[in-house]
Amino acid sequence: MRRLVVLFVVLTGSVSLVAAQTRSSSAEEFQKLFRVFQYISRIYVDEVDMAPLTERAILAMLEELDPHSAYIDREAMRGVEEEFGGSFDGIGIEFGIVRDTLRVVNTIAGGPAEKVGMLPDDRILKIDTLDAVGIRQGDVAKHLRGERGTKVRLEVRRPGERELLQFVVERDRIPLHTVDCAYMATADVGYIRLARFGRTTYEELVENYRRLNQPRKIILDLRGNGGGLLDQAIEVAGFFLPKNSEVVSTEGRAIPSTTFRTQSRGYNTDGGLVVLIDENSASASEIVTGAIQDWDRGVVIGRQSFGKGLVQRQIGLGDGSAIRLTMARYHTPSGRVIQRPYENGHRREYYIDHLRRYDDRVVDSLNASAPEYFTLRYGRKVRGGGGIRPDIVIEADTAGHSKYLGELVRRGVLREFVTDKVMADRKAMEEKWPTVEKFVEGFVVEDTMVDRLTEFARGRDIKPDAQTSADTRRWISIRIKALAAQYLYGAEGFYRVLNAEDEATFGVALEVLRDWDGRGMRILQGGPITKK
């Protein structure tokens, strides 16, 4: 016993010595960095603005760490706070830049712009004293957003009006929804799409679920959802799982391991459920998907998720900027590590590896070598190794994607063409198709419209290439219809059109839910996994 006590004292002393040496080494390195800063500031031959040097030094340090530790400057932090805060202060319009002109696409119902009488297709020529003709897309928000209660004066040209119109708009709180759209896809299947996980996501989910009369079968669309707040991910998982179900756990060097569980009774814990994911579903999306898959609660359809499973703490630096520093890793309830492998300081290779997932051979090899885990309810096999692998894998449809289509989208020409079309015919279109359902069913993009777009694009020096095929024209037609629906009916219109044309993923989700007791439950109980 005495020997054990002596050994404990020796080991404890050794650990304390190592810790003290580590602290001493860190202090020396900090002093070294501080001295360099002082010498440059005080005795360098020319006067130097130290702020950008400091920011670049911070960036250089973080670049040597994992791919997701990051520095966020003061201006970017404002956007981050708005994105996840659930609202921002502004005038409440959706806008676009068409031939150097700032045009109102839609006014937000009940928002400040609508209250003073602004309408879709108004052209904003001046913002206070600023000439808005030629303004860049990224600069618009800087001038239209501002502190709640402040006012902005707008000079507007309205088609059909001879005189310029003057509006004074008082900025107010504008809700920023994280549920992009929710509607009944069939008589008994509800569709809910989450754009990200912000402060109001769970409230929005519950509100939309009730608005749809609480459907028993649900498609939860997390495609393209890059994540967000952990507490909201836990609550969203808890919407579908029984109380006290494990959602995710964390482990790290400097913080204690923690297990997060659902805190309340779920709203839909045993109905048919399909979760849609893709290669851009990350972080909070993967936490929710992993928990649903591990508890055999729903069928996951789509493509392997991104694999971002690092716990990050956002630390303010006193001037409005912040760093996000990785502190731990996320594990799904079965024990899978969500984070895919990486090497510190190799960010470029990390993201190139993500792009390579479109190669079927790479995906197949990842599946074959990935560690095996077992679900908690039925004990079926699932794979680890980073990201969430779907139960039904849908290969990416790249047949119609060409350089030409990419240019139309990237340079905003497709959106500009559709804006012109909708604004010119908006009243007639709304009379002909008074609801989004009628529009999706009845509006057809004729070949002549695609031809007009082609000529319109030629005027912007974008010409069809050798890869422009019938599949490309089909994709263009779908995008024209989807954008037109968005301008007329909001985000719901956009996704209704895309989903109606998506037989590969959305169509399979409907098939699984139509035969939930047969096909859906067979997959969850360990039946064969199909691949399309």
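Helices (H or I, at least four residues) and strands (E, at least two) are taken here as DSSP runs, numbered from the N terminus. The model is predicted, so to speak of local features a pLDDT of at least 70 is needed, while side-chain atom pairs count only at pLDDT 80 or more and totals for chains, interfaces and linings use all residues. Residues are numbered from 1 along each chain as its sequence is written, and side-chain values use heavy atoms, with hydrogens and water left out.

The average pLDDT (the predictor's confidence in each residue, from 0 to 100) comes out at 87, and 91% of the residues score at least 70. Residues 1–19 sit below 50, and this stretch makes zero contacts (heavy atoms within 4.5 Å) beyond near neighbours in sequence. Where pLDDT is low, the predicted coordinates should not be read in detail.

Next, the second largest pocket. A pocket is an open set of points on a 1 Å grid over the protein atoms alone, where a 1.4 Å probe fits, with protein on both sides within 12 Å along at least five of seven lines; lining residues have an atom within 4 Å of a point. This one holds about 1200 Å³ of space, a volume being the space filled by probe spheres set on the points. Its lining counts 38 residues, with Arg303, His401, Trp475, Arg479 and Leu498 the closest to the centre. Strand E11 (189–194) and helices H11 (403–410), H15 (470–489), H16 (491–501) and H17 (503–514) each give two or more residues, and H16 gives the most, with five.

Helix H12 (residues 413–432) bends by about 75 degrees at arginine 426, the bend being the angle between axes fitted to the seven residues ending there and the seven starting there.

In helix H6 (residues 201–211), the buried set includes Tyr202, Leu205, Val206 and Tyr209; E11 and helix H7 (230–240) are among the elements covering the buried residues. Asparagine 213 follows H6 and has a positive phi, near 65 degrees.

Finally, glycine 252 lies in the loop between strands E13 (246–251) and E14 (258–261). Leaving aside neighbours within four places in sequence, glycine 252 contacts Met327 and Ala328. Glycine 252 and alanine 328 are 76 residues apart in sequence, yet 4.0 Å apart in space, C-alpha to C-alpha.

Definitions and conventions:
Buried means under 20% relative accessible area, exposed over 50%, partly exposed in between (1.4 Å probe, protein chains only).
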